[in-house]
Amino acid sequence: MDERTIPKVEMRGISKSFPGVLANDCVDLVLYRGEVLALLGENGAGKSTLMNILCGLYRPDAGEIYIDGRLAAIQSPRDAQKLGIGMVHQNFKLVDSMTVLENIILGLDTESFVPDWNKVRARLMDLSARYHLKVDPDASIWQLSVGEQQRVEILKLLYRNAEILILDEPTAVLTPQESRELSRVVHAMRAEGKSAIFITHKMEEVTEFSDRVMVLRKGKVVAETSTRNTSPRELATLMVGREILFQIEKQPRQPGEVVLELDHVSALNDRGLPALKDVCLSLHAGEVLGIAGVAGNGQRELAEVVTGLRKATSGTLRIAGKDMTNASPLQIIRQGVAHIPQDRASVGAVGDLSVASNLAMKQYRSKPLAAGIFLLPRRIMDMARRLIDAFRIATPSPQTQVKFLSGGNIQKTILAREIGAVKTVMVAVYPSRGLDVGATETVRRQLVAQRDNGLGVLFFSEDLEELLQVSDRIAVLFEGRIMDVFPAEGADMEHIGMLMAGMSGKESA
Amino acid sequence: MDLLTSILTITIRAGTSLTLATIGEILTERSGILNLGVEGIMLLGALSAFATVFYSHSILLALLVAMAVGALMALLHAFLTTTMRANQVVSGLSITLFGTGFASFLGQRLGPATNNFRLVGLRAERITPLAPAGLKDIPILGALVQQDLLTYLTYLLIPLAWFFLYKTRPGLWLRSVGEDPQTADAMGIDVVRTRYRYTVLGGILIALGGAHLSLSYTPGWSENITGGRGWIVIALVIFSMWNPARAIWGALLFGGINAVQFRLQASGTNIPANFLNMMPYIGTILVLVVMTWWEALSKRVGAPAALGTSYMREDK
Ligand SMILES: Nc1ncnc2c1ncn2[C@@H]1O[C@H](COP(=O)(O)OP(=O)(O)OP(=O)(O)O)[C@@H](O)[C@H]1O
Ligand SMILES: [Mg+2]
């Protein structure tokens, strides 16, 4: 009990402001040895900012940090590393063009002048075996899936013997299997006496991972309690300050004509290997078609073929009856197809442009935002303000550059823009990834509302519950093939799981 | 000496200043800093080296002064682009404009009164080629050994720079800063210090390249002695795909066309001299375009991803 009296980490009165926002407002945080603390809060609540302060990347305006009871002057990430603090950032900190091994030792001055790669490899493989984190040490980062990249990030912390682990939304990009794997690793590290701070928007993970929870709202601590004494519903309410309905009202569907049709479509992935094989799908107006499948089974390629970002090698794509096979993205946008992309940071938004410009991006060509070749800034501002309100985008102003928003708020900006632009088909790829519970609810509602307005929605999700809740029909994708298509109502989770793993219903029966 | 060997000898001599400066610029660009001041720094290097040797009669001192001048100019560039966060293109171009103008100005002021205070047309010590007896007459090999000390230094520098960049810890740090400064910083690598360090180191090598021109290749000072080589260097960096080991091929290409072109002029051909003078530049650019295009198609290598961008920690 003695070592529990001196906290491993204590942050006292931390404040940090950015132009126009108070990101952290006199925050106190305590983390004990061998404990996992879940840090919750809405998008933009200041969670990443607080953690960036602890790992030395940001300097607080006020406040002190104590490690093992001693005042720590953390001026840079290097100082934090020396104190045993390691962080897996929301956007991974990996050099894409370098190999896993090179990334593992990046910044470690204890390595010799000419690194002894055999030693590094041996140590890495040892850790990899011990924690069941499989990774190819010689692969370049860009060749790895996000799940694998995540493993590299964790191995990097383990390699450095970090005692204090900060995991900023590590599960946002993981498949359910990968999340379970991560929870095993975190528990193993806790058993060794390491401490961790874990940020997530998924309430069930709070119970799975943590001992204690702390909730931030608008930069302030609004609650701190032991995980046992709380419930997901209570936490969600604390986070957003209002009751969250986990259920969505859905009218019975009234499917219209086919708006999107894929006829024996095949396509290659970035590495030139077949990613879609002979896919046949049809989406009706007034319907949500959910695509289930473990990430990396062709979801991304499917969405890209439909939105014109990737060429189909064979087959036909029809949108609202017109042949749009291999049409340009612009031609497809003109057909009224909207797209919420998987990779929101690089394809979805232009970081250097303002929130307002990003919101206007799909409609600036015509009325009411433009007259001829001239943009009408006041109209754009009006529209931006309306959307910022409607989608609760946390931004200091419509003129703020998008890159300054928190991850979740960038996602909301894209969503707001795409919903405004859709006329026939909405392609939504993991639209609730990284969103807080409130925003997730908004997204699901909006998708259903689009369907009620008579649009077709192609909805990709890894969360089976969400998929069943929002979709009318479900198609399961495995290794680029459609395994089966069936109504969502009355669908059996187990059956879907089986299909996702590549077993057809007949074999399992 | 046979024709091939003699052309090769001139090729290597002409390629030395280019190789030195190209390696310097590669190291700088690997840290994410684009230094378009190469032409200006080479000119100042050439001028200061010649002025120093003219008065002190010491080659060593001349090289040291040129290196100091190069370091100083590069330090200015590093300060403007990292600390003041000025646009790298603008800062580099300013340095070239300044260097060109200032070198020309000094060339008309630093000379002795007897020469109207001009440096043009004066003679001084030069770095003479070593000519190891017995070796220099061997075909081909003779071209390699009958070179001056700076060229020998360049022979060493190429593998050293390559080894440093790809095989050592600080080399890895350097590459990570140019690829992804956010990540490098988060991993505890001092981005600003790294950028300063390699911009200055690059400036030193670039100025040495300039000094080689005025101390050895075309000994003496003449207005615009570099003949635009600084710009060729910028192209050669791309051509070598930021790999020091490949810097030599581009430098030899330029030097080779130059050597052949000299021969033609000397042999009294009736092709206009101006046209021949143009050949090395046109040739280099043509080969560059084709090669770069070919490389870009075939491989996933290219410029350091963060080249030309500034980095500040709390700025996204
Ligand atoms: N470098 C920065 N410059 C300007 N503003 C910033 C910067 N970093 C964060 N902010 C702002 O500070 C606030 C808190 O952001 P932070 O990233 O900490 O949120 P978060 O709780 O991690 O949200 P999310 O769940 O969306 O990741 C946001 O309003 C954001 O726009
Ligand atoms: Mg965050």
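View 1. On the domain 1 side, A:Asn43, A:Gly44 and A:Gln90 supply 73% of the area buried against domain 3, more than any other three residues. This is a predicted model, where local features need pLDDT of at least 70, side-chain atom pairs need 80 or more, and totals for chains, interfaces and linings use all residues. Residues are numbered from 1 along each chain as its sequence is written, chains are lettered from A, and side-chain values use heavy atoms, leaving out hydrogens and water.

**View 2. Polar contacts between the two domains.** Look here for two residue pairs in polar contact, both at pLDDT 80 or more. Such a contact is a pair of N or O atoms within 3.5 Å, one able to donate a hydrogen and the other to accept it; residues adjacent in sequence count only if both atoms are side-chain atoms. The side of domain 1 that touches domain 3 has two nonpolar, four polar and no charged residues, with Gly counted as polar.

**View 3. Chain B, a chain of helices.** Chain B has twelve helices and zero strands; helices (H or I, at least four residues) and strands (E, at least two) are DSSP runs. Its C-alpha trace spans about 60 × 50 × 40 Å along the principal axes.

Methods:
Buried area = accessible area lost by both parts, 1.4 Å probe.
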